[in-house]
Amino acid sequence: MDMDLAGAELKSVLNRLRRAQGQISGVIRMIEEGRDCEDVVTQLAAASRALDRAGFAIIATGLQKCVADIESGRAGGEDGEQMRARLEKLFLSLA
């Protein structure tokens with residue numbers, strides 16, 4: 001399954017990943033500065049949500065592409081059940 005993000009989808013995923021990158025840098029800095037545990041965990045949770053959302057956006061795009069490929073007969077030799085199993089595995093990897 002190729003990752004084929006375009007336009008707004010790509011920009012959205014990259015923005016989420018950059019946000020998570022900044023939040024993780026902030027968490028590292030907070031730990032190095034000896035900041036309050038609650039603040040660190042709150043920031044870490046925000047970074048985790050940003051990563052999850054980026055992952056789900058990628059999976060949703062992949063799902064759209066797979067459905068389009070199945071409908072057009074370009075599923076690359078995979079039947080619908082094989083493709084569904086691969087997408088389910090990807091989805092569960094984020095759960």
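The model is predicted: local features need pLDDT of at least 70, side-chain atom pairs count only at pLDDT 80 or more, and totals for chains, interfaces and linings use all residues. Residues are numbered from 1 along each chain as its sequence is written, and side-chain values use heavy atoms, without hydrogens and water.

**Exercise 1. Compare the span of H1 with the span expected at 1.5 Å a residue.**

- Helices are DSSP runs of H or I, at least four residues, numbered from the N terminus.
- H1 covers residues 7-32 and has 26 residues.
- The expected span is 1.5 Å times one less than the number of residues. For H1 that gives 38 Å.
- First C-alpha to last, H1 reaches 38 Å, close to expectation.
- Just after H1, Gly34 has a positive phi of about 75 degrees.

**Exercise 2. Classify Gln23 as buried or exposed, then list its contacts.**

- Buried means under 20% relative accessible area, exposed over 50%, partly exposed in between (1.4 Å probe, protein chains only).
- Gln23 lies in H1. Its relative accessible area is 15%, so Gln23 is buried.
- Contact means heavy atoms within 4.5 Å. Leaving aside neighbours within four places in sequence, Gln23 touches Gln43, Ala46, Ala47 and Ala50.
- Other buried residues in H1 include Val13, Ala20 and Val27.

**Exercise 3. Determine the class of Ile28.**

- Ile28 is also found in H1.
- Its relative accessibility is 45%, so Ile28 counts as partly exposed.

Methods. Helix = DSSP H or I, 4+ residues; strand = E, 2+ residues; numbered from the N terminus.
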